[in-house]
Amino acid sequence: MRTLGFVSWLPRLKWLILPLVLFGLACGCTVDVTEVEQDRITQMDFQLQVGSDSDIEVTQTITVRYATPRHGPYVWYVSRAPHDFFQDRVYTYRIESVVSPTGAPAAILPEQRHDALVVRIGSEYRTVTGTQTYVLKYTIEGALNSDTSAGMDELWWNIIGTGWEIPIDAVSVSVTGPAEITAVACHAGAAYSGECGAASASGDTATFSQGSLQPGQGMSVTVGWPSGTFADTRQRLELRGWVDTVIGIAVCLAAATLTFLGARALGRKRDAQDLRFADVELGVIPADPVNHRTIRREVTRGPERDTPPERARPGELALLLDETQRQKAIAATLIDLGQRGLLTFNWQDDDTFTITCPPPKQMAELRGYEARLLFALSFMQGKVQFAKGGNVALGKVLAELRVDLENALVNEGFTTRDKSARGAGGVLLGFAAFFGLIAWLPVVLSQDLPIWLIALPMLLVLFGMTYHHYVRQYGQVRTPIGSAVAAQGFGFKQFMETAESKNLRWLDGDDIFARYLPYAIAFGLEEQWMALAVEGFAALGVTPPSPDWWVGQHDFATGFAAFDTAVTALSDISTSYGSSSSSDSGFSGGGDSGGGGGGGGGGTW
């Protein structure tokens, strides 16, 4: 009865609690919510001794603070990484010893998987708490590179991989070699795209340090020595297996033509025509577009017009007219942001650009992908190297921009579906066939069946991949509004293709040259538009003026050709930055997929 009586008073208590809460808010009081404690590494220390025989002796000290009782930490190291289509690069680890200065169980439970060495430390029958320290000693073979683009022997190593599942408070690295160190570099972050806390070299020793790393963030160090310092810097390469080589070559040669042509025809046939408004001229959007009658007809032209479409940004227009022009879409987007006062490009004599991001004046005018791009570039202020293979970090940013631009066509209502979701049936078919192949292999090998039977699931894999590619390539369907905007774009492109310099007003205060430049890039007409401007301004006795977003020691007409080439190269990097070869160098960008060896991760168990 007392309990029920207390419950009956609960509604009345709100009149006492509510004033207290309002008083606390008025006084600026805050409620302190303590984060849930979790396991974390308070210090990770590495000491690497690189011998003249190219072997690396590593002493790795891990200090772990356990929030709850655990058996110990576990660490995994990448032992195989893709090198090219047929080969993997192989790293060999030899675990020498593991001890715990704090007395924690330090038995090692190694497990060699296909592409990683997993080491569990501790006891299955005991748990520990508090702060414990573990010291691992092991040797790495096959980690050095030679003949890099930096012209030196090099260790480019992802010392902290992106697979760690618990936070790391601090990292210190010391690398000692047999000769004086000539260069160092260090990168950290989720994609190894940021700079480390500190990196320096003195004599034969390099030191690096980094502050807090959250789960999924890593750290990559690069150390360079004079070429020829080490006896053997050859990369250890192994074939990925006879399934990927012999079967891949044989089956691909036998079935590629059939699957390629079949999937290509099917992909082009599917959704090959656009939706457009009926009973109106091409490029016209009716007053009631939702209820207006539509027909299915592919749009490849439009009436000529001397102004660009108002609804589409230049990068979007490039993909809307031809979705294969991804590099042009990226370049047009960068120049369009410059023209709108959101980016500044400074062309230097040392073949670098300095990209500056002034604070946006009107955030409401930014579309989602533009805001994300500016946010990413804001962390890359300073020199951006365009020469010697470009900048890997910037290439990754542009790769994200490419995907965002494709999705923007859907978000703006220009196409009917997200390209990333298109062809899902083909992808699922490919995955099903791939796992079917894995399950089918033991049967073929154990029963001594003809090896060509592997071609059955392999054909489905090839068909699914090719079908998915061509549905993505040709399966874009424009909405009625998208078709109208595309027709406007085709009409404006025709105007820019046929325009004559004498008929354009180059000095009417409208800066038609810079304003239309992003669209010229989107249409692939930047060289023609530049030549037209040079001719027009020459007739007026002046040189083409540099836009406000272009600064530096070179005039715009001279530097733009180099800039356009550089942006195209970086756009190409955005599709290929995942490969690694002997010509890569850690001094040109971050690690991980960018080319550094090693990596891995860990946690507690």
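## A hairpin to start with

In the hairpin of β16 and β17, with two residues between the strands, Gly203 adopts a positive phi near 65°. Strands here are DSSP runs of E with at least two residues, helices are runs of H or I with at least four, and both are numbered from the N terminus. β16 (residues 198–202) and β17 (residues 205–210) run antiparallel and are joined by five bridges; two strands pair if DSSP finds at least two bridges between them. Ser200 has Thr207 in β17 as its bridge partner.

## About the model

This is a predicted model, in which local features need pLDDT of at least 70 and side-chain atom pairs count only at pLDDT 80 or more, while totals for chains, interfaces and linings use all residues. Residues are numbered from 1 along each chain as its sequence is written, and side-chain values use heavy atoms, leaving out hydrogens and water.

## The whole protein

The protein has 12 helices and 27 strands. Of its 605 residues, 47% count as buried, meaning under 20% relative accessible area with a 1.4 Å probe and protein chains only.

In α9, 14 of the 19 residues are buried, so the helix is largely enclosed by the rest of the structure.

The axes of α3 (residues 314–321) and α9 come within 10 Å and cross at roughly 100°; that makes α3 roughly perpendicular to α9, a label for angles of 65 to 115 degrees. These axes are lines fitted to C-alpha atoms over the stretch in contact, with angles from 0 to 180 degrees between N-to-C directions. On the α3 side, Leu317, Leu320 and Leu321 meet α9 residues including Val485 and Phe490, where contact means heavy atoms within 4.5 Å.

Technical notes
Buried < 20%, exposed > 50% of the residue type's maximum accessible area, 1.4 Å probe, protein only. Parallel < 35°, antiparallel > 145°, perpendicular 65-115°, else oblique.
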